[in-house]
Every structure is written in C-alpha cells, then in structure tokens.
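Subject: Structure for your review

Dear colleague,

Please find below the structure for your attention.

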Amino acid sequence: MSAALKVVRPGLFDTLQDLGRVGFMALGMPTAGAMDRIGLRLANALLGNPPGMAGLEIGVMGPELLVDADSVRVALVGPLSPALVEVPDAPPRPLDSNRTHLLKRGQTLRVGMIDGSSTAYLAVAGGFALPPFMGSLSTYARAGVGGLDGRKLGQGDALPLARGQAPPGDERKLAAPFDYGSGPIRIVWGPQEDYFSAGGRRTFVESDYRVSKEADRMGIRFEGPAIAHATSVEKGGADIISDGIGPGAIQVPGAGLPIVLLADRQTVGGYPKIATVASVDLPRLGRLLPGQTVRFQPVTVEEAEKLRRDQESRIARAIADFRVARPPGGIDLARLYEENLIDGIVYE
Amino acid sequence: VSVRYLSCGDTAFTVEFGNEISPEINGRVMALHAAIGRAKEAGDLPGVVETVPTMRSLMVAYDPLAASRADLQPRIDALIARGLPTGLASRRVTLPCCYEDPEFAPDLGEVAKRTNKTVEQVIAAHLASAFKVYVLGFMPGLAYIAGLDQTLYLPRRSEPRVRVPRSSVAIAMDMTTIYPFESPGGWHLIGRTPLWMFDKRREQPVFLAPGDSLSFQRIDRRTFDRIAREVDAGTFDWATLVKA
C-alpha cells in the first residue's frame, strides 16, 4: 500500500530541496537547494536521516498535510507554530517546533505561518520516494525539474513516502533553537570590487540595506543608498563580460542597488559583483524577510573559511546535544502501552 | 599565461584569463576546465566541486570544509604552468533549422532590411557562419554561440518580446542562440529548430556543451514537423547530429 502525505491545502511556496544539484553549472543548470542548509540539516539529523536528504522547504506559510500512511515521523525546524488535527473535525492541538513528531494515519498536520523567518523545514524519517533529476531532488521551478513535478506543492498533491511507517524510537528535539548570529552579514570583497569607486565601496559597508519585496529563492533585491560604480554607467561601468556567479554573489546593476544572488541564481551574469556573502551567513540570507535591515561587514577569504569551519563545529555540537522530547503533559501513556516500554523510561 | 584570481567568497574563485572575448582566451578557459575535470577525477583536487567556464574566465567552486583557497590556488597555478593547449578536439554539431515559416522567423524581413540583404542572403550568411559554443548559462541549456557572419551583426531589439517560443533560433551582436524554454527575449528571431535544447527526459538533458563547433542545416516545414514529432515522442536519434 502506498504511503504519502497528501496536500489538503498548499502553503505559499513549499518545495522539496536537498543540498543542491551540484556539478552542472557548466551546462547552465543552477544548483538550487535549501536556502537555509542548517535548518534542513538539523531536521534530517533529528530523524537520523543522511544530512543531504531532501526535505520540504516551507516558504513564509506552510501547507496542511493529511497522513495517508500507517505512521510517519516528521521533524519541523524553524520558528513555526504547527498544529495537529488528530481526528477529523476535532479542534487542532498545538505542536512544538524544532523537534520530531510521530503522526498517524488520518491525522492532519497544519504547518501554518513562519514567525520571523522566510523559510523553515519539514523532513520525514526515510525521506520522500521521488526520482532525483541530475542527481538531486532540489526543485528548480524555472526549468520545471526536481522535487514533485518540478514545482511548488499544490492542492491535491501527494508526497510519496519512502517508508510506510515510522521507524521505532524516541521523539527528539533541539536543546535550543540554532543561533544563526545577529551581527552584520559577513562579505568578502570581489570578484569585481574594482568596478566600484572607493566612495561606492564605503557606502556599501557603512549603510543599512533593507530587504525589498523582490526577494525569493533566486535572490534578494535590497533598498538603500546607491553604490557608485568607478566608471559611469553610460560608459559601461555596470557591464562586464559575463562570468560565473557563486552563491551569495552581490551584483550591482546600473541603478546602484545591491542584489544578493541565492540558491536559484543563474550560473553566469554580466553585472559587476562588488562582494560575495561569506558562506557562514548564507543561511541567514535565506531566512530574511522583506522589510528587515542588514549591514555588510568585510572579512578576508581566510576569515570566511574559518567562520564556516567554526559554524560547522557549532552545528555538530547542536546535533550531539539533541534531547529526547517529553510528550506534552508528561508521560505519553498511550505511546508507552503501544510500544511496550515497560522497563522504565527517563526523559531528559 | 598570466591570470588574475578573483575572490567569490569562501566557496569559489574565478580564474580570469583576460578582459576581452577571443578564441585564444576562451581556448585556455576550456583547457583549464578540462584539466581540472581530469585532476578531479584522478582525485588530485579534493574539495573542488565544479568549474564554470565563460568566454574569458573559469569559476572554480570548492567546499570550504574540504579545501581552502590557500591550498587550491597554487594547485591551479601548477596546472596552468604545465600548459593549456588551445584548440582542443571538440564535437562538431549540426542543428536543423527551418527559416521558412513566417511564424518561425518573424524578424527575418527586418534583419534583411537592416543589413541590406535579401532574406535568402540572410539565411545563407547564417548557414555559412562558423559557430562555436562559448558559454551556457542564464537558463539551463541556453548557449551563447559566437561566430556569426559579420555582415549580420545587429544590436538587440529595442523592444524585447515578452514571449519567445521554445526552440527559436535568434541572432544579436556577434552571436546566435536557441531558446531552451519559452521566455522573454530581445534577440532577432530568424528561424526555429525542431529540437529541444533542454529536455528533462533525456539522460543528458542539455544537448550543447561549451566548446562545441556548430553549424545549421536548412530544413523545410515538412521535415521540421517530422523531426518535431520524433523529438516530442522521445524517439529522435540525437547522435545523428554529432561528428567527432
């Protein structure tokens, strides 16, 4: 019998994402992948999944999913306030985020709005039973590839599950929400910082920039003081012979406002890129909401590499620090009986 | 060969061979792209994820948890010092193109007028051009193909179209291209190929590759329709388009 999560009501922009479709940029194929690799990774780790397994990336508001499987264990990571409808028409029961939950056939999970981030993640134990495209399940909607038919979830979709029932084991949770940091966004100058005047570079790192409404998986257009090019735009100061675009590249077209290019960015482009976001802070960019304000702070390549390694250690510590999640209201008797845990169980 | 290394954060850097478009510079880019690919396969460049060739530079993407810029840059320097042969063997690809139906070639008349040619002379110049695929990018499978006959050089249209049909063959500046998807576009549409430059059903979804030598073969509407049916059904034999 097939096992699936059925989409009773879609969210705003829910797509399956893994850590990206790497190795095909030379063919013009964007990498796509999770906007916040840390969130996806923690969701997988809570479930014992491999770190790069595809999960559901929730954009702004999540879906309502009906469990059409004997059982499924899900992990929700991010500032969510999900709710569970246990039997049809019953009032929804609030669930905690940043932990796993065991769901049963006929139950409906309402993921709901994300609070204070543009992305959050839902992963399932064992993953989704969908074929990878060019080695990856990441959805790239512009080309209609990856994920479920290459697009965001819609009403009536069924996400096939690799497992028909949840594996045995405890529910697990994060000891604390992951700390993404709150200071300036770290950047490395280049590849084309020499296309900007000294004053333009100063403007860039000494001003506040606000996330505009034009923010999606491809990139974020910022609003703020215009950054001056070294040569006038009329004389080609905002044009380069196209070159490769790395993750977090900050291109500045003629109008002088920065655009940070993210997961679904095109592979090459012809605008000069003043700087590139350090990889340590890319997950923060992937969580920004329109209206939020950031500052950019330059670091060297070596410092950026070290910041990333340090962050990796913090992720490993967060995973080592997972707790067994206490069921709401103390001991979950039903589950104790069901799983025959009669030899005593200690939570936390 | 002297190159500039440009930083792209802590996950990539760009090796820039020059700030102009020339076959020699692009030849070196493609040679380094191939050399890094071989070194990677041999396990000699741990941490290198992939490379992205363009007209005049190569972006090297790496995993900062498996390698560092300080490790990698001398290794790339060593590969360059070993020599980058230009004029690597490349595939010779011939693409069928139908120039005849006004639906396929709405700009043929205007291109003829602006280049002081007849429509037939425009088609002949496009067929006689020695094209080379320089870069794929912007959309999966969208190729920037230079080598257009000089007498056909025109700037892009001042009013871009909102919708250009998939597989349109177009020209602008010194290039030709084929739209892999229906998309907006500002190039002059002079024909259409029955082939899809991006087909997710194929094991190699993107047909063209950087470095390919390319020419077009004129087909009539009936041949177009026959090939289009085969492409649609997934029975078209793409190998017939390629000579080693």
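Is A:Arg217 buried or exposed? A:Arg217 is buried, with a relative accessible area of 7%; buried stands for under 20% relative accessible area, exposed for over 50%, and partly exposed for the range in between, with a 1.4 Å probe and protein chains only.

Please note that this is a predicted model, in which local features need pLDDT of at least 70 and side-chain atom pairs count only at pLDDT 80 or more, while totals for chains, interfaces and linings use all residues. Residues are numbered from 1 along each chain as its sequence is written, chains are lettered from A and ligands numbered from 1 in the order in which they are written, and side-chain values use heavy atoms, with hydrogens and water left out.

Side chains of opposite charge can pair when their charged atoms come close. Over all chains, the structure holds 39 salt bridges, a salt bridge being a side-chain nitrogen of Lys or Arg within 4 Å of a carboxyl oxygen of Asp or Glu.

A:Arg217 takes part in one of them, with A:Asp264, at 3.0 Å from N to O. A:Asp264 lies in the loop between β18 (259-261) and β19 (268-269) of chain A, and A:Arg217 in the loop between β14 (209-215) and β15 (219-223), so the pair ties together parts that are 47 residues apart in sequence. Helices (H or I, at least four residues) and strands (E, at least two) are DSSP runs, numbered from the N terminus. A:Asp264 is also buried, at 5% relative accessibility.

A second salt bridge joins A:Glu312 and A:Arg308 at 3.7 Å, N to O. These residues are 4 apart in helix α4 (residues 301-320) of chain A and are thus separated by about one helical turn. A:Glu312 is buried at 16% relative accessible area, and A:Arg308 is buried at 10%.

The side chains of A:Asp157 and A:Arg151 also form a salt bridge, at 2.8 Å from N to O. Here A:Asp157 is buried at 11%, whereas A:Arg151 is partly exposed at 31%.

Chain B

Chain B has 5 helices and 14 strands. Its radius of gyration, 20 Å, is close to the 18 Å that the globule rule gives for 244 residues, so chain B is as compact as a globular protein of that length; the radius is taken over C-alpha atoms, and the rule is 2.2 Å times the number of residues to the power 0.38. The C-alpha trace of chain B spans about 55 × 40 × 35 Å along its principal axes. Of the 244 residues, 54% count as buried.

Within this chain, a network of salt bridges links B:Asp107, B:Glu110, B:Arg114, B:Arg157 and B:Arg161. B:Asp107 lies in the loop between β5 (92-97) and α3 (108-114) and is buried, at 2% relative accessibility. The side chain of B:Asp107 is joined to that of B:Arg157 by a polar contact of 3.3 Å. A polar contact is a pair of N or O atoms within 3.5 Å; within protein, one must be able to donate a hydrogen and the other to accept it, and residues adjacent in sequence count only if both atoms are side-chain atoms.

The interface of chains B and A

The contact (heavy atoms within 4.5 Å) takes 41 residues from chain B and 43 residues from chain A. About 3200 Å² is buried between the two chains, with carbon and sulfur atoms giving 64%; buried area is the accessible area (1.4 Å probe) that two parts lose on being put together, summed over both. On the side of chain B, B:Asp10, B:Glu50 and B:Leu65 lose the most area to chain A, together 17% of what that side buries.

Across this interface the rule finds 1 salt bridge. B:Arg4 and A:Asp194 meet in a salt bridge through their side chains, at 3.2 Å from N to O. On the side of chain B that touches chain A, β3(B) gives the most, with 5 residues.

B:Thr54 is found in the loop between β3 and β4 of chain B and is buried, with a relative accessible area of 0%. A polar atom of the B:Thr54 side chain lies 3.4 Å from the backbone oxygen of A:Ser242. Leaving aside neighbours within four places in sequence, B:Thr54 is in contact with residues including A:Asp243, A:Val268 and B:Val135.
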